[in-house]
Number of protein chains: 2
Amino acid sequence: MMLILSILLTYPHFLSYKVHINFQNSFMGGIFMNKILMTPGPTNVPEEVFAAMSQNMHHRTDEFLKVMYDADKKLRKVFGTQNEVVMLLSSGTGGLEASVVNIFSPGDDLLVINCGVFGRRYADISREYGVNVDEIKTEWGQGIGPEILNDYLDKKKYKAVYATYSETSTGIKNDIKKLGSIVKNHGALFIVDAVSAIGSLKFDADKYNVDLAIAGSQKGLMCPPGLSLLALSDRAWDAVLSSKMPRFYFDLRKYKNSSIPYTPGVSLILGLNKALDMLLKKGLDNVYHDADIYSRAVKSACNILGLSEFPDKRYCSEVLTALWVPSGVDDKLLRSQMQENGVVIAGGQGRLKGKIIRIGHIGYLKCDYILKTIYSLGSALNKQGYKSDVKGALGEAETVLGAIK
Amino acid sequence: MMLILSILLTYPHFLSYKVHINFQNSFMGGIFMNKILMTPGPTNVPEEVFAAMSQNMHHRTDEFLKVMYDADKKLRKVFGTQNEVVMLLSSGTGGLEASVVNIFSPGDDLLVINCGVFGRRYADISREYGVNVDEIKTEWGQGIGPEILNDYLDKKKYKAVYATYSETSTGIKNDIKKLGSIVKNHGALFIVDAVSAIGSLKFDADKYNVDLAIAGSQKGLMCPPGLSLLALSDRAWDAVLSSKMPRFYFDLRKYKNSSIPYTPGVSLILGLNKALDMLLKKGLDNVYHDADIYSRAVKSACNILGLSEFPDKRYCSEVLTALWVPSGVDDKLLRSQMQENGVVIAGGQGRLKGKIIRIGHIGYLKCDYILKTIYSLGSALNKQGYKSDVKGALGEAETVLGAIK
């Protein structure tokens, strides 16, 4: 509240363009002081989704079956697939595990493109279940060039290749379309962790030759955490049927054709169904367009603040902006000062802990969230003696945000 | 709405005692027509819990760690344990699987007390992961006598014994305290599926010698589905450390000491924390007292309607009332007519499909939910030519409900 007032007092022209300061989420009628989540997930959930979640409904009723059917139909559009999308009650990691225990048998060969924490996690899960894993490890901050993948696949036959679409630990994205065509040429299955990308970055599972795509509810899909979503091609379903891995809760055979083997995430699915309505009403092209604009606004404003991006510019993801912490600045203090101002951003993971900060800009966003984030980041930096041009950064962000639809 | 009005017109004295007709959940200001869920789960969620769930919060913040800490502290009271309670993002079946893959190694011996669908499910999960399972199968509708368990344990050494506290497929409950002391005398671990019982039936994990108790959010704990809750004794934690089962998402070692290895069910945990406040404010003894009264009211009213209970009376659970479908009555039609009147009850599972109906009376309840259920059940029966005494049943229910605290 204080923060927004001080922005307004200092820069009253920020109410111009299509930028409207909106207190709804940060003040909510004076009862809650909800923080805004500018992380690569969980992201902000709109009030409409919370309202949809707040219904008592039983899963063994026709009305819930209709919700499942509707949500699946809409998810197919967002995944870009003709195939059904399975909704599991678990976090994204549960979804990754579900893909491993359903596609492989112990001893199968898998090639993991490991660009960071989530690539490494997929290799770890697969090894835990006895899969033979080879890894292409990129430097952190790099994506993978298609020719490297091609070389690997020329040398050895794999049952499947795994890639992360948007690797949130480092801020990069991979060119799934190009990788998919190489994997297809070599006859392997293509498994894509699209957890943070679906609903934010253009995705077309069928056209990109993706056999198994995994998403989560708490990213671009504007819901709280709790659902992992899996879209499988016919070839992937064949693999599921022939897999010899032990599995029970995550056994996808039981979920086929929208079956409900165990109590599903009723409230979350009601919320997801509503969130999908909102995305499709806006139009997916507009959603991706705006995600790009939000990303540009943050990246160019942070540039003016004097911060450098961590990843190689050729691979920068629009899902988040990963930035080096300037020398002399304490990352933990920075983030806690931003939190006091109502803005949550993420720190580095694994070996990047303390070295980078990560600003997510996906899910439910408003222009003032971006401005608030830039203002709060610049102010927190300056509190530590760093001299950033907050006014200039806000002006730049505002200019870029003018293109929001 | 129509239904409640017609009850009022016919039996205006139902507003006496402590019975207050409350339109909040069934009408909600004219926007939603929420059904009441009179099933053994998911159960009705109070507005306060939905409101608590409707907050944007990130799991890597001090404020969320405090919520986790608070919820754990309160859960220990409800579980009756000094040990921490792990919160997994999954349905109850995921919680059962987590117990299997953490306690056992392939080849270990397990004795399953199988009284219905959930006992059988535990045996199925365990076999899927290579555990050697012996089963004591009771007739459906029966619980287990302690002496039978004693005989089994005298004859063979097991690593663990599994029992269901309240078996919702048949409507029975087992005497966990008695069973626990026998298991302890034989040195085995005692694993209890308390999914539908926790928050409804008195439970005291430590005193009952339960080494691993599993609960779910969507039953007595008044939340939507999505959290499975596991309380482990020190001996159970030792087993977790020595288990050689492959596991990743459900690896309890990673969750110990309230650690958050993967994105947790933030919204659900916020809701659970609120629901626990409500239960503890009411007082657990009052909660269990009322659960008993609700159960008596339904059972005696159904008796007057002319329906017979399915389970052996010695083992009847207070969680639900399982009733034979009278001959000449179509169970599916009956339930769909009740749904049209805004009341959801459950049918039979497995071999009991079409033969029994199940009325759950746990979670968030009001006296008028019980009256509405009895009225709606009696009316639906009579529509099929059955001659039930609806007025008498309502009068009986009202009398019993007078004892609600």
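This is a predicted model: local features need pLDDT of at least 70, side-chain atom pairs count only at pLDDT 80 or more; totals for chains, interfaces and linings use all residues.
Setting aside neighbours within four places in sequence, Thr39(B) is in contact with His58(A), Val344(B), Ile345(B), Ala346(B) and Gly360(B). Thr39(B) sits in the loop between β1 (36-37) and α3 (47-53) of chain B. With a relative accessible area of 1%, Thr39(B) is buried. Gly392(B), by contrast, is 353 residues from Thr39(B) in sequence, and their C-alpha atoms are 23 Å apart in space.

The contact between Thr39(B) and His58(A) leads on to the meeting of the two chains. Chain A and chain B bury about 4,200 Å² between them, and 61% of this area is on carbon and sulfur atoms. The contact takes 54 residues from chain A and 54 residues from chain B.

Two salt bridges are counted between chain A and chain B. In a salt bridge with an N to O distance of 3.2 Å, the side chain of Glu63(A) meets that of Lys35(B). On the side of chain A that touches chain B, at least two residues each are supplied by α3 (47-53), α5 (92-103), α6 (117-128) and α10 (266-282) of chain A. The largest share of that side, four residues, comes from α6(A). Sorted by class, the side of chain A that touches chain B has 24 nonpolar, 22 polar and eight charged residues.

Side chains of opposite charge can pair when their charged atoms come close. Over all chains, the count comes to 42 salt bridges. One of them joins Lys156(A) and Asp109(A), whose closest N and O atoms are 3.9 Å apart. Lys156(A) lies in the loop between α7 (146-155) and β5 (160-164) of chain A and Asp109(A) in strand β3 (residues 109-114), so this pair ties together parts that are 47 residues apart in sequence. Lys156(A) counts as partly exposed, at 33% relative accessibility, and Asp109(A) is also partly exposed, at 24%.

In chain B, Lys178(B) and Asp175(B) form a salt bridge with their closest N and O atoms 3.9 Å apart. Asp175(B) is partly exposed, at 37% relative accessibility. Another pair in chain B is Lys202(B) with Asp204(B), where the closest N and O atoms are 4.0 Å apart. Are the two partners buried or exposed? Lys202(B) is partly exposed, with a relative accessible area of 44%, whereas Asp204(B) is buried, at 14%. Back in chain A, salt bridges that share partners join Asp109(A), Asp134(A) and Lys156(A) into one network.

Glu135(B) shows how polar contacts can gather around one residue. This glutamate has its place in strand β4 (residues 132-137) of chain B. The side chain of Glu135(B) is joined to that of Asn114(B) by a polar contact of 2.7 Å and to that of Arg127(B) by one of 2.8 Å. Beyond its neighbours within four places in sequence, Glu135(B) is in contact with Leu111(B), Val112(B), Asn114(B), Ala123(B), Arg127(B) and Tyr152(B).

Finally, what of the cysteines? A disulfide is a covalent bond between the sulfur atoms of two cysteines. How many disulfides are there over all chains? The count comes to zero. For Cys115(A), the closest cysteine sulfur is that of Cys316(A), and the two sulfurs are 13 Å apart, too far for a bond. Cys115(A) counts as buried, at 0% relative accessibility. For Cys367(B), the closest cysteine sulfur is in Cys302(B), 16 Å away, which is again too far for a bond. Cys367(B) is buried too, with a relative accessible area of 6%.

Notes: Residues are numbered from 1 along each chain as its sequence is written. Chains are lettered from A and ligands numbered from 1 in the order in which they are written. Side-chain values use heavy atoms; hydrogens and water are left out. Buried means under 20% relative accessible area, exposed over 50%, partly exposed in between (1.4 Å probe, protein chains only). Contact means heavy atoms within 4.5 Å. Buried area is the accessible area (1.4 Å probe) that two parts lose on being put together, summed over both. Ala, Val, Leu, Ile, Met, Phe, Trp, Tyr, Cys and Pro count as nonpolar, Asp, Glu, Lys and Arg as charged, and the others, Gly among them, as polar. A disulfide is a pair of cysteine sulfur atoms within 2.5 Å. A polar contact is a pair of N or O atoms within 3.5 Å; within protein, one must be able to donate a hydrogen and the other to accept it, and residues adjacent in sequence count only if both atoms are side-chain atoms.
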